Amino acid sequence: MTLLRSKTSRFRMLALLAMAGATLSACSPTPEPSPTPTAAFASEEEAFAAAEETYRAYNDAVNRQRDGDESVDPLDYLTGEMLDSEIASIRELEASGITLEGDTKIMSFTGTEAQTDHDVAAVDALVCLDITNARAIDATGVDVTAVGRSDVYGISVTFTGNPDHLLISEYEVVADTQC
């Protein structure tokens with residue numbers, strides 16, 4: 001009788017598990033609807049303002065770090081290709097014993113294009129910089145700044161991220177820009 005009872009119990013348990021599985025699958029929650037993408041910025045002007053704020057904060061961090069302020073890190077404002085390029089440049093300068101001194105000033109910031117219809121923003125801008133006071137100094141203290149360099153130049157900058165956190169992702173000197 002014990003053998004018969006254990007077989008019956010196993011069959012009953014299997015039947016209950018099968019029914020429970022069928023019941024649970026019938027009661028599985030319906031999938032949540034996909035969220036509708038929201039605009040990253042309400043307007044291009046808002047996107048340009050956020051990008052300008054990011055670039056000005058980055059430039060300020062660069063200047064403060066050159067002045068010896070170790071509480072800021074310009075790399076915090078960079079991502080992707082720009083971050084990789086900046087890290088490589090820092091290593092090259094360190095290996096050659098060259099330090100950069102002096103402030104860089106933003107003469108103008110002009111937003112040129114903004115993708116504002118996605119959760120992730122992409123903003124392009126043209127920035128004119130004045131590097132008159134920026135100098136390259138070698139390990140012996142000699143100024144090795146390129147002779148005849150332009151003290152004013154334009155750069156094309158791309159920002160990516162979201163409205164709460166735009167970062168500089170690309171940076172290219174634009175030779176034919178009049179600043």
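1. Thr104 touches Asn59, Asn63, Arg66, Leu129, Asp130, Ile131 and Ala134, residues up to four places away in sequence not being counted; contact means heavy atoms within 4.5 Å. Thr104 sits in the loop between strand E1 (99–101) and E2. With a relative accessibility of 8%, Thr104 counts as buried. The classes are buried under 20% relative accessible area, exposed over 50% and partly exposed in between, with a 1.4 Å probe and protein chains only. Helices (H or I, at least four residues) and strands (E, at least two) are DSSP runs, numbered from the N terminus.

2. On the basis of these notes: this is a predicted model, in which local features need pLDDT of at least 70 and side-chain atom pairs count only at pLDDT 80 or more, while totals for chains, interfaces and linings use all residues. Residues are numbered from 1 along each chain as its sequence is written, and side-chain values use heavy atoms, with hydrogens and water left out.

3. The sheet is open and has four strands in the order E2-E3-E5-E6, with antiparallel pairing; two strands pair if DSSP finds at least two bridges between them. E2 and E6 are the edge strands, each pairing on one side only. Direction ignored, neighbouring strands of this sheet are turned by 25 degrees against each other on average. Helix H2 (residues 44–66) packs on the sheet and touches E2, E3, E5 and E6; the direction of H2 makes about 140 degrees with that of E2. Axes here are lines fitted to C-alpha atoms, for helices over the stretch in contact, and angles run from 0 to 180 degrees between N-to-C directions.

4. The individual pairings may be listed in turn. Strand E2 (residues 105–115) and strand E3 (residues 121–130) run antiparallel and are joined by nine bridges; here Glu113 stands opposite Asp124 in E3. Ten bridges pair E3 with strand E5 (residues 152–162) in the antiparallel sense, and Leu129 stands opposite Tyr153 in E5. E5 and E6 are antiparallel as well, with nine bridges; Gly161 has Leu166 in E6 as its bridge partner.

5. Which residues of H2 are buried? They are Ala47, Phe48, Ala50, Ala51, Thr54, Tyr55, Tyr58, Asn59, Ala61, Val62 and Asn63. Their cover includes helix H3 (80–96) together with E2, E3, E5 and E6. An α-helix has 3.6 residues a turn, so residues three or four places apart point the same way.

6. Just after H2, Gly68 takes a positive phi of about 100 degrees; H3 is followed by Gly97, with a positive phi near 75 degrees.

7. The largest nonpolar core has 25 residues, and those with the most contacts inside it are Tyr55, Val123, Val127, Phe159, Leu166 and Ile168. Such a core is a set of buried Ala, Val, Leu, Ile, Met, Phe, Trp, Tyr and Cys residues joined through side-chain atoms within 4.5 Å. At least two residues of this core come from each of H2, E2, E3, E5 and E6. H2 gives the largest share, seven residues.

8. Ile168, in strand E6 (residues 165–174), counts as buried at 0% relative accessibility. Among the residues that Ile168 touches are Thr54, Tyr55, Tyr58, Met82 and Phe159. Phe159, in turn, is in contact with residues including Ala51, Tyr55, Phe109, Val123, Leu166 and Ile168.

9. The structure holds one disulfide, a disulfide being a pair of cysteine sulfur atoms within 2.5 Å. Cys128 and Cys179 form this bond, with S to S 2.0 Å. Cys128 lies in strand E3 and Cys179 in the segment after E6, so the pair ties together parts 51 residues apart in sequence. The torsion about the S-S bond is about -80 degrees, so the disulfide is left-handed. Cys128 is buried, with a relative accessible area of 5%, whereas Cys179 is partly exposed at 41%.
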